[in-house]
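Dear colleague,

Please find below the structure that I am handing over to you. My notes on what was found in it follow directly after it.

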Amino acid sequence: QVQLAESGGGLVQAGGSLRLSCTASGSFSSINAMGWYRQAPGKQRELVATITSGGSTNYADSVKGRFTISRDNAKNTVYLQMNSLKLEDTAVYYCNADFYRMLTGWVTNWGQGTQVTVSS
């Protein structure tokens with residue numbers, strides 16, 4: 001089994017900052033890409049940012065310049081630093097990761113999500 005556990009969500013005022021963390025645990029050989037997605041009420045889940053094992057990053061246009069994704073490969077952890085938060089950033093944030101397991105090959109797992117609420 002492979003699990004992803006998110007933390008760091010909460011309530012913050014517009015213009016504020018939050019840092020999300022997501023740690024992978026379980027039995028796997030390696031992790032390739034890790035990423036953050038979000039889903040606001042009544043909307044589809046959308047990509048926020050991704051990062052490869054080599055550190056290449058990709059961001060949604062709506063968060064460029066405000067959010068920073070990073071990872072610590074030794075800790076199997078991915079982070080999302082969110083600055084200058086806006087009301088429209090309110091959503092449940094999910095992390096995901098591509099794992100390699102000997103028995104199954106590459107699989108993608110998701111965390112359970114952490115709520116981020118931005119207030120005016």
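Which residue does a disulfide join to Cys 22? The partner is Cys 95, with an S to S distance of 1.8 Å. The two cysteines belong to distant parts of the chain, since Cys 22 is in strand 3 (residues 18-26) and Cys 95 is in strand 9, 73 residues apart. A disulfide is taken here as a pair of cysteine sulfur atoms within 2.5 Å, and a search of the whole structure finds one. In general terms, such a link is a covalent bond between the sulfur atoms of two cysteines.

Before the remaining findings, a note on the basis. The model is predicted, so local features need pLDDT of at least 70 and side-chain atom pairs count only at pLDDT 80 or more, while totals for chains, interfaces and linings use all residues. Residues are numbered from 1 along each chain as its sequence is written, and side-chain values use heavy atoms, with hydrogens and water left out.

Buried means under 20% relative accessible area, exposed over 50%, and partly exposed in between (1.4 Å probe, protein chains only).

I turn next to the strands. Helices (H or I, at least four residues) and strands (E, at least two) are DSSP runs, numbered from the N terminus. Two strands pair if DSSP finds at least two bridges between them. Strand 4 (residues 30-39) runs antiparallel to strand 9 (residues 91-101), and eight bridges join them. Within that pairing, Trp 36 stands opposite Cys 95, the cysteine that a disulfide joins to Cys 22.

Strand 4 is also joined to strand 5 (residues 46-51), by five bridges and in the antiparallel sense. Here Arg 38 faces Glu 46 of strand 5, and Tyr 37 stands opposite Leu 47. These two strands form a hairpin with six residues between them, and Gly 42 in the turn has a positive phi of about 80°.

Strand 5 in turn runs antiparallel to strand 6, with three bridges between them. The hairpin of strand 5 and strand 6 has five residues between the strands, and Gly 55 in it takes a positive phi near 100°. Asn 58, in strand 6 (residues 57-59), is the bridge partner of Thr 50. Contact means heavy atoms within 4.5 Å. Leaving aside its neighbours within four places in sequence, Asn 58 is in contact with Leu 47, Val 48, Ala 49 and Thr 50. Asn 58 counts as partly exposed, at 40% relative accessibility.

Strand 9 pairs with strand 10 (residues 105-110) as well, antiparallel and over six bridges. Asp 98 stands opposite Thr 108 in strand 10, and the hairpin that the two strands form has three residues between them.

Thr 77 deserves a separate note. Thr 77 is part of strand 8 (residues 77-82) and counts as buried because its relative accessibility is 5%. Its side chain makes a polar contact with the side chain of Thr 23, at 2.9 Å. A polar contact is a pair of N or O atoms within 3.5 Å; within protein, one must be able to donate a hydrogen and the other to accept it, and residues adjacent in sequence count only if both atoms are side-chain atoms. Beyond its neighbours within four places in sequence, the residues in contact with Thr 77 include Cys 22, Thr 23 and Met 34.

Two residues other than glycine have a backbone angle to look at. Most residues other than glycine have a negative phi. Asn 76, in the loop between strand 7 (67-72) and strand 8, has a positive phi near 55° and is partly exposed at 25% relative accessibility. Ser 84, in the loop between strand 8 and strand 9, has a positive phi of about 50° and is partly exposed at 40% relative accessibility.

Finally, two arginines lie over aromatic rings. A charge sits over a ring if NZ of Lys or CZ of Arg is within 6 Å of the ring centre and within 35 degrees of the ring normal. The charged end of Arg 19 sits over the ring of Tyr 79, 4.1 Å from its centre, and Arg 45 lies over the face of Trp 110, at 4.6 Å from the ring centre.

With kind regards
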